[in-house]
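User: I am new to this structure and would like to learn how to read its features one at a time. Could you take me through it slowly, giving the general idea before each case?

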Amino acid sequence: MSPTAIRFFTLVRREVSRFVKIKGQTIGAPLLETFLYITVFGAALGTRVGDLQGYEYIVFVVPGLIMMAWAINAFSNNSSSILQQKFQRAIDDQLSSPSSPGQLLTALSLGGFLRGLTIAVITFLVALVLVDLPVEHPAILILALVLIGFFFSQLGVLVGVRAEQFDDVSFVQTFVLTPLIFLGGVFYSATLLPQPFQTLTEFNPVYYMISLVRYGFLGIDDIDVLLSMAVLTAVTVGLFLFNLQLFRRGYKLRS
Amino acid sequence: MEGIDRNGQGNAPALLVSDLVKRYATGVEALKGVSLEIPDGSFFGLLGPNGAGKSTLIHCATGLAMPTSGRIEIFGNDAITRYREAREAVGLAPQDLNLDWFLTVEETLDFHGGYFGMPKADREERVEELLDAFSLVDKRDQRTRTLSGGMKRRLILARALMHRPRLLILDEPTAGVDVELRLELWHYVQEVNRLGTSILLTTHYLEEAEQLCDQIAFINHGEIVAQGTSPELAGRFGVDSLEDAYLELVGRKELSRSHLGELDGTEIE
């Protein structure tokens, strides 16, 4: 392996070892939370709700939960990891190494991405056992989830780098991300909403993400799939390039 | 080939700083055109009061701060345009005990080696050497958070040496350590220097600088105000010791031990 590859894999290994060492908190807790959602909204309330867009409620809700788990864990992992390392100044060890800004950014992003992926895959496998979950468009599904995971990883990096205290991270998660995700239609179809809420939902970017994942699993296409995929790709790449500029400048990392 | 260093730059100084200016976003000018040369193989001391610009200079040399203007070269490699080569040559033991709480002692060294591109077998061998040299063998699986202050200080120095740097930067390495550990660290860094590693040391302990350094520079208010050997500096300020030269520099010569001694004597009489 070249020195560049060794550097990159070590940076990723550091991020993965962090969340693995506290796996009860980083993997166990989010899994429990996801299965509580499945139990409460799917099994308990779901039987009263009836079918949604031709699917049992529990089947309808699982794709959104998988996406939500990946997104929130990717975000919170990266924002917390970066902020903690900034507090301890431990990040100086990576910053004073020969690693390039692009390597640092990608490795820090992958920590949360892989944690979200782990939780999403376990949730998917358990859901397969519990319910009859179809996968109608696997290629679109995988591509959409990877892009969404990477988008929220980038968002976590951005907030972690900007943050100066833990409140800055929890503010974004509690007052921005969670409402956008919940109101984006994880637990319901936006088509059921009365006006003006249905139109308002169309301004929520997470609505398109959830719809893409639901299309991949169930084949429900209440959005323009190709256009949504193109926009998702563009904003994910855009956010990565924006972060890369910040890393090159050393924004809030190098004084 | 003789006379050619490992980067092919030929007898380049370990650190060459030219007209370095660092102005923070707050407007504070921490370095006001610093120029400095540390020859390859030298044990160089940088002395100055708190806030003089010592750590800023070190941060600029190691990529932790972005210079406003001026140049820094490490063994002939520009610290900005050839940062990979420049940083590969430097090992930094910072003033803060900035260890990663999630890592064990062994992982701290292993990850650092990885960040510097060392292959696994080489890392394993080097980790054993350093754990042994710094008496950390029985702490290898302990999380860094649980180490005593002295152990953390040893680990910081071992980490700086992990990738076998050609320039070792020690930013107040003996602040707050006990006498035994201080002497142990002195012996170790002297040996490292004897084997060819250049060293830049900042310290508040003047006897440490006198004991270890072949060249000393005084920095104050972001400027290098004097440079030379310990006797040369004393001579330049017209005093008998490095400490008195330092006190002249910071404008506190009334604190001189000789002066206090005279006062003591007067009282006894």
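User: Is Ser76(A) buried or exposed?

Analyst: The general idea is a cut-off on relative accessible area, where buried means under 20%, exposed means over 50% and partly exposed lies in between, with a 1.4 Å probe and protein chains only. Ser76(A) has a relative accessible area of 13% and is therefore buried. Its place is in helix H4 of chain A, where helices are DSSP runs of H or I with at least four residues, strands are runs of E with at least two, and both are numbered from the N terminus. If contact is taken as heavy atoms within 4.5 Å, Ser76(A) is in contact with Arg115(A) and Gln173(A), leaving aside its neighbours within four places in sequence.

User: What should I keep in mind about the numbering and about the kind of model this is?

Analyst: This is a predicted model, in which local features need pLDDT of at least 70 and side-chain atom pairs count only at pLDDT 80 or more, while totals for chains, interfaces and linings use all residues. Residues are numbered from 1 along each chain as its sequence is written, chains are lettered from A and ligands numbered from 1 in the order in which they are written, and side-chain values use heavy atoms, with hydrogens and water left out.

User: How do I read a helix, and how many residues of H10(A) are buried?

Analyst: One begins with the span, for which the expected value is 1.5 Å times one less than the number of residues. Helix H10 of chain A (residues 205-218) has 14 residues and should span 20 Å, which agrees with the 20 Å between its end C-alpha atoms. Twelve of the 14 residues are buried, so H10(A) is largely enclosed by the rest of the structure. What covers those buried residues includes H4, helix H6 (101-130), helix H7 (138-162) and H11 of chain A. At the start of H10(A), a side-chain oxygen of Asn204(A) reaches to within 2.9 Å of the backbone nitrogen of Val206(A), and just after the helix Gly219(A) takes a positive phi of about 85 degrees.

User: Which residues does Ser211(A) touch?

Analyst: Ser211(A) lies in helix H10 of chain A and is buried, with a relative accessible area of 4%. Not counting residues up to four places away in sequence, Ser211(A) touches Ile220(A), Asp222(A) and Ile223(A).

User: Which residues touch the most other members of the largest nonpolar core?

Analyst: A nonpolar core is a set of buried Ala, Val, Leu, Ile, Met, Phe, Trp, Tyr and Cys residues joined through side-chain atoms within 4.5 Å. The largest one has 109 residues, of which Met67(A), Phe152(A) and Leu15(B) touch the most other members. Helix H4 (residues 57-88) of chain A gives the most to this core, with 17 residues. Apart from this core lies another, of 45 residues, among them Leu147(B), Met151(B), Ala158(B) and Ala209(B).

User: How much area do chain A and chain B bury between them?

Analyst: Buried area is the accessible area (1.4 Å probe) that two parts lose on being put together, summed over both. Chain A and chain B bury about 2,800 Å² between them, with 55% of it on carbon and sulfur atoms. The contact takes 31 residues from chain A and 32 residues from chain B.

User: Which parts does the pair of Asp110(B) and Arg123(B) tie together?

Analyst: The side chains of Asp110(B) and Arg123(B) meet in a salt bridge (2.7 Å, N to O). Asp110(B) lies in helix H3 of chain B and Arg123(B) in helix H4 of chain B, so the pair ties together parts that are 13 residues apart in sequence.

Key:
A polar contact is a pair of N or O atoms within 3.5 Å; within protein, one must be able to donate a hydrogen and the other to accept it, and residues adjacent in sequence count only if both atoms are side-chain atoms. A salt bridge is a side-chain nitrogen of Lys or Arg within 4 Å of a carboxyl oxygen of Asp or Glu.
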